[in-house]
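Take a walk through this protein model with the structure open beside you. We will look at rings, then charges, then strands.

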Amino acid sequence: MHGATVPSAAWDLDKAALQSQMLVQGCWSESWMRGKIWCTIQSRSSSLLGEDEAQGTKAKAKARNVLSKGALACSLRPSSISRVSKSVLVVKLQKLSSFKHSIDPGFFSTASPFHFFRKQRYINNLISERLVFKMAAYEGQVVTADVTSGNMVFEPVLEDGVFRFDCSGNDRDAAYPSLSFTDNKDRETPIMIHKVPMYNPTFECVHGQQSIKIEFPAGTSFYGTGEVSGQLERTGKRIFTWNTDAWGYGSRTTSLYQSHPWVLAVLPNGEALGVLADTTRRCEVDLREESIIKFIAPAAYPVITFGPFASPTAVLISLSHAIGYFLKPFELFSSLDNLQDTQVNIVTMTFEKDQSAFDQVYENFDLSIRIEGTVFMPPKWSLGYHQCRWSYDSDARVLKVARTFREKGIPCDVIWMDIDYMDGFRCFTFDQERFPDPKSLVNDLHLNGFKAIWMLDPGIKHEEGYFVYDSGSESDIWIQKADGSPFVGKVWPGPCVFPDFTQEKTRLWWAKLVKDFTSNGVDGIWNDMNEPAIFKAVTKTMPESNIHRGDTELGGCQNHSYYHNVYGMLMARSTYEGMKMANENKRPFVLTRAGFIGSQRYAATWTGDNLANWEHLHMSISMVLQLGISGQPLSGPDIGGFAGNATPKLFGRWMGVGAMFPFCRGHSESGTIDHEPWSFGEEVCPHFNISFSAIIVSCGLLFLAMIALTVLLINVLPSNVPNFLSKLTSVLSHQCEEVCRLALLRRYRLIPHIYTLFYMAHTKGTPVAAPTFFSDPKDPSLRTLENSFLLGPLLIDASTMPDQGSYQLQHILPKGIWLRFDFDDSHPDLPALYLQGGSIIPAGPPLQHVGEANPTDDLLLIVALDEHGKAEGVLFEDDGDGYEFKQGGYLFTYYVAELQSSSVTVKVSKTEGSWKRPKRRLHVQLLFGSGAMLDAWGTDGEVLQISMPSEPEVSDLISRSEKQYKTRLENAKHIPDVEEVSGHKGVELSRTPVELKNGDWILKVVPWIGGRMISMMHLPSGSVYALETANLGCWKMNYDHESCSQFLISVDTATGTQWLHSRVEIDGYEEYSGVEYRSAGCSEEYTIIE
């Protein structure tokens, strides 16, 4: 139910009337002042009107009843209702001259083309009073609770099972607006239910810090906390929500690029509950005590609980109703001609013929207002493979990379342009020598099936004459210092100013720049450095004393500590809206590095500047899953690792699992070796008709010859050994390219399934990638699995250990039926695939890019029957871009399979949408286990009967399949073990970080360019401090701990680690020793002795 506040006189109305009332209230926008009303109402429920006149009369009566009750508080009077067809009602509404603007006009956006920059106005009395109180609070520094400790007070909000907790009534009024909720009123408005929460937080307020504690039964498991490194199950961990440029982070780094003060608690009985600390400020999320959640942040802020519900998925669906993307009223309502007082207006209510009874709309009228979900609907091409590097430094290099993908038959949809395409790193410009004609470049890419994505950072070069700086200065949109002058900080262009995205006028200014920028053929935009990151600053960001002149509904004028964590999200929002402004018929694609819970409404994300080592490969699975658990389903890592040189086996193995992630992109850092899929050696053509034994003999002789030559060179020409070994590595590592090809072809075959999962996430809020335990939350043995995950009913089981292939894993599967299958592509370096019994998933042909797909292509259904001989699945199809699907322009098919007697029937049970089914062949693969399957062909949309083989025949089929699988693995071209590869700086990052012990302290170090501190652990206390920017030789730490002691750590260079610099400079990026601020009350100081 929407969060619009209704007058007390209307509280006695039933649920449907209240929902209708809010709908009618929502029709009135700021455009009312100009004499217009937005009123096209469309429902997603099923068939409304009966075939005969009696049913039509009943429907009209009920509609009149709904609208009459809803009009009580709105001064609207339904004057007539007429039926113009089986699916259309025309309702005449009369606006009374006595109408007063007591209805919230900000509920819907204005008729302006820039409707997304609406400004909510808290007009009704309750909201107005709270706003006055809050604005008074904004003028102070901290609002503290009335009492120092106790039980929190609660009230139900949003929907059944969701509760808001505050330290007191005064704290409830003093809390800042929610920037995680899509609509702040959903959090502010209580709903009428009589349930009470099962788990009640307690609080303690000390020195302006509000500490919240929630206890759960023993055996509760914790997940979520957003973008975090380390283990999947979070018990024993503590993080701080403070968006941080965390290059080379480790498993114990406490603050990364995004902030999600959210914990998913899975109870011992499998039920689940979500807890959101709804604050934008630096927040400590402490899970170090078993079965206890603690939040610590500046007062005052509410805690929102979701559940407990029957499953973790149910919690995520409920969370999506709060933070998710939904169809804004401006997307559902179209304007009519001028409407004057006492004039009659016509509202057309349209319902599809195949929709359910009008009673369902009457009882669930809120469903006709918005389509719930978590994530923006991505364009289909964005689910293909993305190739990126810092940097492809010219258009010629970009085209060569694109051409090589097609020549080698490796699928790819997108090439990315990092900052080197710009003129001196100035945003919205192009280097005239290296990228002189971006339109021509993009046209060439489009002709070859590629899209182009370009980077935009928030730092705008402080330079008069630069059109972006000049227009921003004229509009006065820069973040200010405490003295009111624009803040200037150094990033890639040098001295820069930064747009204040907390202001509507700034967001509109940026959106217009983005709109103009996309005219160059820009298909997507990459927002980087938007924590915001600042060079030569020990905190790696701007001073917390900086001033943001934010909009009232965001929190008003505040210092940077309030808006820091949402800066990246607001920038992504502005970019998204600018792309939509450029072309309303295309779906924007934005990738953001920094974000907050709710960012998924506007952008995808990735896991930041990871390292090319096996630890980061393993962590990448958990990190993608944690983001999905925290409401961001469209994420993935830099495949192969951003910093450092991947070995062939590491890269191939990472591509194998990365090809199954929701977002699939390879990316690498400047100065490292190339990391395209073919960069680890020339591929040997697999199609020569040569016997396997001949290959073995030839390879054996060649290998012996190489060994002899190596020995000779070692004894005779030692100076040439490194070059020779580098060439030998290239010869041995050609297998990596074939593994990458197989992995990506597998992904492209599964894109129909992945795209369907995103439609479900967009409309329902269900996860795309989920931990394995989601299939059976009651099973405690599944809760810590980190090398497998789910894509719907599809389980991906991967090896992240260098000495162990997927076939060597001890596969831990959930209870029930799980049947292994492949596309005749099994390989030791690719994950194993399992389909849950009772499931059907769609697949398509192997493609080189998404644009190759044709609706008439053969459709493959992979079927795994359950213990009852049944299975079901869905397929979503539309244009792959644009928004016709919101108007019914799609085909959503429900497939079922059932074993009856000696045959399996596969058929369509139901469809949704106005699309006609394409004429295409249907290919069904019926799984029996161990890779065995039965193939059958038919026509999609028609009933297909599959004759079942006898039990002995099935046993024989399984036996032969197992032998074929074993043979295929034995004959597979294994990626060889290579300890390291030659290249530029960063080679050591492909190794595991080194631990150096000194007394009570352990330092975790990456031995690269003078040393890179990852973390510091104090052994007696177990305290861990993340120091991802420290580059030191002698180091001391001051911290506000119980003992308030100082520790001096001297690193012995006899360990073999050399400390070279008091700072690190990499292509202009500089890092210094100084003070690291990890959280409120905790700082770390270090110095360098060369």
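**Rings, charges and strands**

Start with Tyr469. This is a predicted model. In it, Tyr469 has a relative accessibility of 12%, so this residue counts as buried. The cut-off for buried is under 20%. Trp478 has a relative accessibility of 4%, so Trp478 counts as buried too.

Now step back to the aromatic rings in general. The structure holds 52 aromatic pairs. Take Phe430 and Phe517. Their ring centres are 5.6 Å apart and their planes meet at 15°, so this pair is stacked. Planes under 30 degrees apart count as stacked. Where do these two residues lie? Phe430 is in the loop between strand E19 (414-417) and helix H10 (438-447), while Phe517 is in helix H12 (residues 504-518). The pair therefore ties together parts that are 87 residues apart in sequence. Phe430 and Phe517 are both buried.

Tyr469 and Trp478 also form a stacked aromatic pair. Here the distance is 6.0 Å from centre to centre, with 10° between the planes. Both pairs belong to a wider group. Tyr469, Trp478, Phe430 and Phe517 are among the members of one aromatic cluster. That cluster also includes Tyr421, Trp454, Trp509 and Tyr567.

Next come charges over rings. The charged end of Arg282 sits over the ring of Trp242, 3.9 Å from the ring centre. Arg665 lies over the face of Trp606, at 5.0 Å from the ring centre.

Turn to the strands. Strands of a sheet pair through backbone hydrogen bonds, either parallel or antiparallel. E4 runs antiparallel to strand E7 (residues 202-206), and 3 bridges join them. Gly150 has Phe203 in E7 as its bridge partner.

Finish at strand E36 (residues 818-821). In a regular strand the side chains alternate between the two faces of the sheet. In E36, Trp818 and Arg820 are on one side, and Leu819 and Phe821 are on the other. All four are buried, and both faces of the strand are covered. E36 is joined by 4 bridges to strand E37 (residues 832-836), and the two run antiparallel. Leu819 has Leu835 in E37 as its bridge partner.

Conventions: Residues are numbered from 1 along each chain as its sequence is written. This is a predicted model: local features need pLDDT of at least 70, side-chain atom pairs count only at pLDDT 80 or more; totals for chains, interfaces and linings use all residues. Side-chain values use heavy atoms; hydrogens and water are left out. Rings of Phe, Tyr and Trp (its six-membered ring) pair if their centres lie within 6.5 Å; planes under 30 degrees apart count as stacked, over 60 as edge-to-face and the rest as tilted. Buried means under 20% relative accessible area, exposed over 50%, partly exposed in between (1.4 Å probe, protein chains only). A charge sits over a ring if NZ of Lys or CZ of Arg is within 6 Å of the ring centre and within 35 degrees of the ring normal. Two strands pair if DSSP finds at least two bridges between them.
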